[in-house]
Amino acid sequence: MTILKHIDFEVPDWGELAQGPQTRLAYRDEVMADNPIRYWRLGEPSGITAVDETGNGNGQYKNNPTLGAAGLLTLDPDTAVQFGSFSVMDSGTVLVKTDDGGAQAYTFECWFKSSASSNTSLMGQFKANDGNRWLLRLTTGGAIQYRLGGTAMLLAPGPFNDGVSHHLAVIKAFGLISMWIDGVFKTDTDNLHVFSDANFVVGATRTAGTGSFDGVIDEAAVYESFLSSSRITAHFDVGTAAV
């Protein structure tokens, strides 16, 4: 005679089965755990407002970027923004401690995808006639470049204009600017400059959309601290998780 034992188990609901073990908010939770001062998921389906998850300051979409583009995180259905044709996300004035002698640490982060064959700008701060203006740019050759006041200061060779999703984190701390791409340290250089209070823009060089990024940008964040290598890796790992 066969004796069947009663075994208690929990059946996941359909939503859990459909989404898998990783929830759609996992990446957002990783970012928010590091206390950003600005965090734009860039997931709006329409409108002109780019919601800041921190509540510190929404941005504004200008010159009609394409909202609702496929997001760049593997398990998160949140969408992204396709920039181009002078489009930009202007956050308004954001940052910074201008009296710190350059000592304040910052981290700038985003995901991007592009197949552009020309110089195209990811994010930065613009202030007319200010030598402290800076930007992060994808170059013609597919490298990522950090520029300060119009001068190239740091270059991470690519190619990163390969049409696939990449994670970028740039850190200013301890007198250095360092660059991490896809969870891996790439390069650094001496840098003590003081960031100015200025408009922080995503997807262009200036607030008018000059030098618009030719591609998709997702999950842009600014931290008034430096992210450790383990935290950068954690963000990348969650964003690219397969299960």
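This is a predicted model: local features need pLDDT of at least 70, side-chain atom pairs count only at pLDDT 80 or more; totals for chains, interfaces and linings use all residues.

Student: What percentage of the residues count as buried?
Tutor: Of the 243 residues, 49% count as buried. Buried means under 20% relative accessible area, exposed over 50%, and partly exposed in between, using a 1.4 Å probe and protein chains only.

Student: OK. How many helices and strands are there?
Tutor: Three helices and 16 strands. Both are DSSP runs numbered from the N terminus: helices are H or I with at least four residues, strands are E with at least two.

Student: New topic. Which residues touch the most other members of the largest nonpolar core?
Tutor: Leu42, Leu122, Ile144, Leu168, Met179 and Val202, in a core of 35 residues. β7 gives the largest share of this core, four residues. A nonpolar core is a set of buried Ala, Val, Leu, Ile, Met, Phe, Trp, Tyr and Cys residues joined through side-chain atoms within 4.5 Å.

Student: What does a second, separate core include?
Tutor: That core has 21 residues, among them Trp111, Ala169, Leu227 and Ile232.

Student: Back to Leu42. Which residues is Leu42 in contact with?
Tutor: Leaving aside neighbours within four places in sequence, the list includes Ala50, Tyr61, Val81, Met89, Val202 and Ile217. Contact means heavy atoms within 4.5 Å.

Student: Now Ser114. Where is Ser114 found?
Tutor: In the loop between β7 (106-113) and β8 (120-126).

Student: Why does Ser114 count as buried?
Tutor: Because its relative accessibility is 3%. Its side chain reaches the backbone oxygen of Asp214 at 2.6 Å. Not counting residues up to four places away in sequence, Ser114 touches Leu138, Phe160 and Phe213, among others.

Student: And Asp52, buried or exposed?
Tutor: Buried, with a relative accessible area of 4%. Asp52 is in the loop between β2 (49-50) and β3 (59-62).

Student: Which backbone nitrogen lies 2.8 Å from a polar atom of the Asp52 side chain?
Tutor: That of Tyr39. Leaving aside neighbours within four places in sequence, Asp52 also has contacts including Arg38, Trp40 and Asn58.

Technical notes:
Residues are numbered from 1 along each chain as its sequence is written. Side-chain values use heavy atoms; hydrogens and water are left out. A polar contact is a pair of N or O atoms within 3.5 Å; within protein, one must be able to donate a hydrogen and the other to accept it, and residues adjacent in sequence count only if both atoms are side-chain atoms.
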